[in-house]
Number of protein chains: 2
Amino acid sequence: FFSNSTRSRIVHHVLQRTNPELGTCINRLLGNNTYEAAFPPHETHGAQNQRHLLYERWARWGIWYKYQPLDLIRRYFGEKIGLYFAWLGWYTGMLIPAALVGVFVFLYGLFTMDSSQVSKEICEANTTIMCPMCEESCKPWTLSDSCVFAKVTRLFDNGGTVFFAIFMAIWATVFLEFWKRRRAELTYDWDLIDWEEEERDITRSVMSPPAGQRMSQFFIVSSVFKLCRLTISSPQISLVLTAVFAVVVFRLIAMEKFASFNWDFIQKNWQFATSGTGVCINFMMIMSLNVVYEKVAYLLTNLEHPRTESEWENSFALKMFLFQFVNLNSSTFYIAFFLGRFAGRPGKYNKLFNRWRLEECHPSGCLIDLCLQMGVIMFFKQIWNNFMELGYPIIPSLLQNWWSRRKMKKGGGGGGGGQNVENKTQLPQWDKDWNLQPMNAHGLVDEYLEMVVLQFGFTTIFVAAFPLAPLLALLNNIIEIRLDAYKFVTQWRRPMPARATDIGIWHGILEGIGVLAVITNAFVIAITSDYIPRFVYAFKYGPCADKRPRHTDECLKGYMNSSLSVFDMWELKNSSEFRYCRYRDYRASPWSTPPYEFTLQFWHVLAARLAFIIVFEHLVFGIKSFIAYLIPDMPKDLCDRMRREKYLMQEMIPQLSNRALSL
Amino acid sequence: FFSNSTRSRIVHHVLQRTNPELGTCINRLLGNNTYEAAFPPHETHGAQNQRHLLYERWARWGIWYKYQPLDLIRRYFGEKIGLYFAWLGWYTGMLIPAALVGVFVFLYGLFTMDSSQVSKEICEANTTIMCPMCEESCKPWTLSDSCVFAKVTRLFDNGGTVFFAIFMAIWATVFLEFWKRRRAELTYDWDLIDWEEEERDITRSVMSPPAGQRMSQFFIVSSVFKLCRLTISSPQISLVLTAVFAVVVFRLIAMEKFASFNWDFIQKNWQFATSGTGVCINFMMIMSLNVVYEKVAYLLTNLEHPRTESEWENSFALKMFLFQFVNLNSSTFYIAFFLGRFAGRPGKYNKLFNRWRLEECHPSGCLIDLCLQMGVIMFFKQIWNNFMELGYPIIPSLLQNWWSRRKMKKGGGGGGGGQNVENKTQLPQWDKDWNLQPMNAHGLVDEYLEMVVLQFGFTTIFVAAFPLAPLLALLNNIIEIRLDAYKFVTQWRRPMPARATDIGIWHGILEGIGVLAVITNAFVIAITSDYIPRFVYAFKYGPCADKRPRHTDECLKGYMNSSLSVFDMWELKNSSEFRYCRYRDYRASPWSTPPYEFTLQFWHVLAARLAFIIVFEHLVFGIKSFIAYLIPDMPKDLCDRMRREKYLMQEMIPQLSNRALSL
């Protein structure tokens, strides 16, 4: 079948399990543009066929609460896509307890918000004069002005957070360990036990040994090669860091501008305004850098001449992951661990380029900025992703359909192509599918990336700062599953079925994130949140230091006062109406000798913070590895079944061969 | 062949690769004492046979510097024993760089010992009066009395130690990663790639499903089962801890006794005397508990009804490892991390049972006790083990030989048995072998245990305290290899050859020790050694605090004085000739208000110690995992070769079968 259009449009009916040589041949023809596309056609519409069944039992919104028909998906799309949806479903299921606990922690914060001693003290402190927040235009302000801010901080920075961080670290371990078991069951059910990833790929590697292969015979070379590959990405990483730096500078400038804004509403809420605009600009930068980098990663991966399909995918995935991870999280890391640490003290502020004063944390704690950052990025990114997944493929296809209809009206067309369009229901299936979007070139990498980098990262890495992350992830995933299903069943050409026994490099990446999460959460609780200083105050300085504590909040009486140091504003030239102002630090008073040194309390808090990190990390990593040891990678009954089958096989084969010989 | 002794002595010539059913049958006959032993016979003596070759090329002392003939070992003893010796040889080879660096670090300590500022200050401090070390009989003493002690401490507690601890952590990783590659090569060369551990064992598991199998169908049950198994060992563990406690109490009593000893030499060196006798008693306890526990572990493992040989071995090995590890190391842990931490201060000492004052560290640091403990235990244990391996099997066999000769003299014997003894060279090989020792019941577990628990543990876990450990291990291993070889070739019956693709559970245990080593070394450097206090003093309090340091030792001027606090002895009833004495702590002076509080320096040092732990652990674990990522588990050329072979196989099989059909 050849149409008389200039380029021959040959759509090849590729069978489910192609002959590898035929596959190579088709790839070559696709490469030199003889073929325009090659794909297996969808099943034709009908009440009983699999595609219809998939739509009914999987891709409809109405059945969002049901399990996915995994066997059906596997039979229609192949094991690789089946495994992706199995993983996605498993992940979504596991998110339910995490989201529930997260909501409980959030509610705990919400209900104890008003009764909190710290925010009460802040709200009542209308005689406490705080030092000005910026150099020129700012004036001293009263602490009670930031009452709302303090209450919101308390919402996220309370004792439940520590518990939730430990819970989520263990949750991540349990999730991965049980996924291994689920995967083992699936591969057994799908008959993939003896199949190896390489089987499909061998042919290519033997037929076309790439140039780099000889070179990397020895270990040293191959290690150096790996190192090189890592350093290649460094320009991209430095690009990201520059972007983060730009955001930091923007925040510093915006802070001064907002604080001296004409509009009173903004001037009062300048902290929210700065953080808000900062996050939004950050988000836009993240999105645009992502678009650029995807192309770069694609090029780089092809330059590496990976030998097999799965090697290509793993290499591309690792690159994309590393980049997106750094891109998405570096400003969050800045806000969590660097913001407000190096601000200096009144009279001796550290300045960037000797011009902009570095940001300080709010008197009620540093966690609120992190929380805002997390919430905004997570919310917008998920909405954006879902829009891109649904809207982006639909709009071009609508346009295309409109275009072809218009062409049809203009005249009957010049040949076979026109004929086919005439009665659409009679079109052969491969021609109908031609009008659908091809599944994008990166396979499932994009899908995994979105889930792993954004979601799993956000639900574990900084979860101490934002306990609602698992809930947001859960809601997103429920939509995501049906959206992806809809896309795969109706919007995309049927992808080439591929086999896979696991989710590839993603498992290692998930485990890496799990480890990183423990470390970051330890640091967030110890350094970012005010949990430790409050704890130290309650048991060492507060009213409960000597007697047994009755209620934690009572022990915090006077905490706010003890956490603020005093500065003598008359030391500076521009003497104002108040002599002394307060700032958030543990420093000696101006009248002590030497003034402004760190007090004993500072060192107590520092030692407690560091000790907390050590205890938390060793405890959680200990629990993690103990759980991993307790949960076997394969369910016991499956293990027994496999053994028995193997034994029977070994018994049978000689018998069968004997019988065959005797015949 | 039946002798007329009361019990039939049937020695079965078991072939190298036994029929599994025959094997079961023989096991049953062995079980009900019908057979007394079953073993493959050694090859008969001769110039050309393999046993002779092995002796010549492997078991002689003269060739200690040569590589082992692994292929020969494997051919004669089977893959499992071959792998053990391959591992042992690999480990010994890897110990060479570790031992070299360790010796360099030791030499560095030795050469800078005399020029060290700290020991100089101690030796010159003949006017510094130290508080008495025990309650009743002790008197204040001058700091310069402990000059030798300080110099020895300096030998092990210097900057090189930190470097060496990092080096050894990385060394452990590199060792394990490269061993994986070596193992891959060996299994390829020995044709074990497709062989699975279970193949041999399947028959047993299917034939005799144990009682526990049904029960543990579900995950929860099997996890609980694992937990139970762990808790079963707790009585043994508590026994060990009691023993450690006994040693601690002994040390406390011994300290008082030695310090008030009549003999002046001992009274002066009472610290050495206490540590020395403490370690020796500890060593004896360790050895006797080991003997007891080996029997307990054997019983417990059999109670568990493991289904396969390798399961039995793994279970037994894990039990023995856990016990021996706790047994051997718990007192070392006590000395490293608890000794001297809870001693209290003069006038307010903490007492055990309100009677014995807890031990203090020596003014020059706590590391020396740990060092002594390590050195003594490692040295004696290795000598003991080598004696047991060589002496223990030889003495009974000498006795036995003597006994049979005596019996022979008494009368010609009653039958075939006597005949055989008459002309010994004509004895059938299996009868000669009957006189040899059987290889002990635990297979290679004991051999691995000794290497892994004692050696690898000591060369990594507390290596910061004792840089000579790798050298001791290396020397021991060079002897060990030839000793084992000699045993296997001439002293033991030929063991049943068995296959194995790896060293089993030991690899996991080695990795676990590698992780533990990083943690303990971080704590030893931060808490046990005086590296951090010296560092803090040098850069914050000493003469170099403000100006750039020229030489580290100069910056430590005055360190000794700053690290000792002052106590007013007149506060106590028994007023002595001196009013003030010094003790090792950072506390306020008696005339400050409040007295004896921790000073700012204490909190500085504490924060620095904790920060060091965090930095060290994150850094070293980071490097470790990066190295593990960089080093692929399989050499690249081996990987390629295997792929190519697999491809060729796949190509060939259809061709061959076609040809077979056409014939």
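Helices here are DSSP runs of H or I with at least four residues, strands are runs of E with at least two, and both are numbered from the N terminus. Keep in mind that this is a predicted model, where local features need pLDDT of at least 70, side-chain atom pairs count only at pLDDT 80 or more, and totals for chains, interfaces and linings use all residues. Residues are numbered from 1 along each chain as its sequence is written, chains are lettered from A and ligands numbered from 1 in the order in which they are written, and side-chain values use heavy atoms, with hydrogens and water left out.

Pick out 238–258 of chain A: its end C-alpha atoms lie 30 Å apart, and the span is 100% helix and 0% strand.

**A salt bridge between helices**

Go to Glu511(A) and show side chains. Which residue does Glu511(A) meet in a salt bridge? Look for Lys180(A), with N to O at 3.8 Å. (A salt bridge is a side-chain nitrogen of Lys or Arg within 4 Å of a carboxyl oxygen of Asp or Glu.) Lys180(A) lies in helix H7 (residues 159–189) of chain A and Glu511(A) in helix H20 (residues 505–528) of chain A, so the pair ties together parts that are 331 residues apart in sequence. Glu511(A) counts as partly exposed because its relative accessible area is 34%. The cut-offs are under 20% for buried, over 50% for exposed and partly exposed in between, using a 1.4 Å probe and protein chains only.

**Chain B salt bridges**

Over all chains, a search of the whole structure finds 24 salt bridges. For one in chain B, select Arg74(B) and Glu79(B), whose closest N and O atoms are 3.1 Å apart. Arg74(B) is partly exposed at 23% relative accessible area, while Glu79(B) is buried at 2%.

Next, zoom in on Arg579(B) and Asp568(B), a salt bridge of 2.9 Å, N to O. This pair links distant parts of the chain, 11 residues apart: Arg579(B) is in the loop between strand S9 (564–568) and S10 of chain B, and Asp568(B) is in strand S9. Arg579(B) is partly exposed at 35% relative accessibility, and Asp568(B) is buried at 7%.

Most residues other than glycine have a negative phi, and most peptide bonds are trans. With that in mind, select Pro594(A), in the loop between strand S10 (580–584) and helix H24 (600–630) of chain A. Is the peptide bond from Thr593(A) to Pro594(A) cis or trans? It's cis, with omega near -10°. In chain B, the bond from Thr593(B) to Pro594(B) is cis too, with omega near -15°.

Stay in the loop between S10 and H24 of chain A and click on Tyr596(A). Tyr596(A) isn't a glycine, yet its phi is positive, about 60°; this residue is buried at 6% relative accessible area. Over in chain B, Tyr596(B) has a positive phi near 60° and is buried at 5%.

**His604(B) and its neighbors**

Move along to His604(B), in helix H24 (residues 600–630) of chain B. His604(B) is buried, because its relative accessibility is 6%. Its side chain makes a polar contact with that of Tyr541(B) at 2.5 Å. (A polar contact is a pair of N or O atoms within 3.5 Å; within protein, one must be able to donate a hydrogen and the other to accept it, and residues adjacent in sequence count only if both atoms are side-chain atoms.) Show what else is in contact, meaning heavy atoms within 4.5 Å: beyond neighbors within four places in sequence, the partners include Trp603(A), Val536(B) and Lys540(B).
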